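Here are my notes for your first look at this model. Keep the structure open beside them and find each part as you read.

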Amino acid sequence: MDNPETLKILKETIDKLKITKENLREIRKTNQTFPRQTNTRLLDAFQSFAQFDRAPIWMMRQAGRYLPEFKEIMKNRDFFDACQDPFIAAEITLQPLKQFEIDAAIIFSDILTLPKAMGMEIVMDKEKGPIIKNKLETVDDINRIKSPDPESLEHVYDALYLTRQALQGKQTLIGFCGAPFTVFSYMVEGETSKMFLKTKKWLYQYTQETRKVMDLIARESAQYLINQVKEGGAQVIQIFDSFAGQIPPIDYIEFVIPSLRILLEGFKQECPNTPLIMFAKDQNGVEVILAFLKMCLGETPLIDGFQLDSNVSDDVLIKIIESDRTIQGNLEPGVLYGTQQIIKKRVSQMIEKLQTTRRYIMNLSHGLTPDHEVEKVRQFIQESIRQSKLYKVREILE
Ligand code: CP3
């Protein structure tokens, strides 16, 4: 059964704005007024001096198969069909918000939505995950990649718009895309890889061509993110470089960061005030973080916040805090398999370490997976909220 409460809010929104499948796009293009933001916790985490009662919280992959209502709605649906239906995508995005007291909604979509629109034929296999049928095999194949037909991504902006209206200002809406390296890696591997040998062959053998493709992805990603904000109403952006840790820092800095910079500059030129969170998974060592922080020295910092892994060092944390950037993270999701005691203890340690900056967003160090239990996820959230408030009170008293 569909979650009745989620449906209720979505239905109320649809009724109030007189939205139908046929007129949604027209309404979006003519009415860009959104409900007043009453929960500003997430947005405030990007301000140095904002007041706050506790740190905001959300979780990567919060809409997913660990939720029974997600499994139900996806039972007879293809993954990309669900993404392409704004009403279904909005409903799935709202599902975790009905379960938990969280401060943000991340739009139900995928990092592969953009490469799909750029000519990659992608199917989502229920067991194996994404499969690309026409992956890049030879250097000539790069000519097959094209700029997306603008129509092909409109459904994402429609879903964002509908979700933002339905949130009623009670949560902040996050848009996202994959980083050029991770998207490129899918284009050449054709599936989620273990060794990333094809990616490495391209990177080290055909460096120029690889850069060319990553730069193209970067330019298109910038436009895609700009549209998510300006057309769809996304309020915060996160970039997922899930495979960043597959190459050493020296190569990440030399080969990958220049493409990322194209993406970040393109986005920030148009949306300087939209907070952007960078997630370079397994690349939060001092070299890469310093390279990123260098990009934040200009008038418009290119990165506003860092999603960090659970292994981040104190030295790196200090550098980020000194640079007045926001920290997001970083509880190992596996802790949520554990007892209430271990969840409590690790949340407490995380808050002691990370909430020392006001610019802090509670999150995991990677996404939730299908084997997480809803009740354990709830424990994590409740415990995080309780302890974050306590920490805040202690800070005032001391
Ligand atoms: O809740 C959210 O975080 C929002 C939506 C979201 C999805 N994918 C939905 C999804 C986001 C932000 C992503 C990003 C994504 N997609 C990443 C980067 C984050 C990360 O996990 O490192 C990557 C690498 C992908 C590619 C991808 N998509 C894989 C490898 C898979 C299959 C494996 C899996 O995790 O299930 C997907 C499918 C996918 N994307 C699902 C969801 C909810 C599962 C769909 C289903 O099985 O029904």
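**Notes on helix packing, the ligand shell and the record**

1. Start with the pair α12 and α13. Pro249, Tyr252, Ile253 and Ile257 of α12 touch Glu287, Val288 and Ala291 of α13. By class, this contact has six nonpolar residues, one charged residue and no polar ones. Bear in mind that the whole model is predicted.

2. Now look at how those two helices cross. Helix α13 covers residues 286-294. Its axis and that of α12 come within 8 Å, at an angle of roughly 30°. Angles under 35 degrees count as roughly parallel, so α12 and α13 are roughly parallel to each other. Their crossing is right-handed.

3. Helix α12 has another partner, α11. Helix α11 spans residues 207-232, and α12 spans residues 249-270. Their axes come within 8 Å and cross at roughly 20°. That makes α11 roughly parallel to α12. The crossing of α11 and α12 is right-handed.

4. Which residues of α11 and α12 make the contact? From α11 come Thr207, Arg211, Met214, Asp215, Ala218, Arg219, Ser221, Ala222, Leu225 and Ile226. From α12 come Phe255, Ser259, Leu260, Ile262, Leu263, Gly266, Phe267 and Glu270. The contact of α11 with α12 divides into 10 nonpolar, four polar and four charged residues.

5. Turn next to α9 (residues 180-189) and α10 (residues 197-205). Their axes come within 8 Å and cross at roughly 110°. The range 65 to 115 degrees counts as roughly perpendicular, which makes α9 roughly perpendicular to α10.

6. What meets what between α9 and α10? Ser185, Val188 and Glu189 in α9 meet Lys198, Thr199 and Trp202 in α10. By class, that is two nonpolar, two polar and two charged residues.

7. Now the ligand. How many residues surround it? There are 23, and the closest are Arg61, Ala63, Gly129, Phe240 and Ser242. The shell around the ligand holds 12 nonpolar, seven polar and four charged residues.

8. Last, the record. An unreviewed UniProt entry lists residues 56-65 and 174-190 for "domain: Uroporphyrinogen decarboxylase (URO-D)". In the model, residues 56-65 are 0% helix and 0% strand, with end C-alpha atoms 24 Å apart. Residues 174-190 are 59% helix and 29% strand. The end C-alpha atoms of residues 174-190 lie 27 Å apart.

Conventions: Residues are numbered from 1 along each chain as its sequence is written. This is a predicted model: local features need pLDDT of at least 70, side-chain atom pairs count only at pLDDT 80 or more; totals for chains, interfaces and linings use all residues. A residue is near a molecule or strand if its C-beta atom, placed from the backbone, lies within 6 Å of it. Ala, Val, Leu, Ile, Met, Phe, Trp, Tyr, Cys and Pro count as nonpolar, Asp, Glu, Lys and Arg as charged, and the others, Gly among them, as polar. Axes are lines fitted to C-alpha atoms, for helices over the stretch in contact, and angles run from 0 to 180 degrees between N-to-C directions. Helices (H or I, at least four residues) and strands (E, at least two) are DSSP runs, numbered from the N terminus. Angles under 35 degrees count as roughly parallel, over 145 as roughly antiparallel, 65 to 115 as roughly perpendicular and the rest as oblique. Two residues are in contact if their C-beta atoms, placed from the backbone, lie within 7 Å. A crossing is left-handed if the near helix is turned anticlockwise from the far one by less than a right angle, and right-handed if clockwise. UniProt positions are given in the numbering used here, feature names are shortened, and annotations may be inferred rather than shown by experiment.
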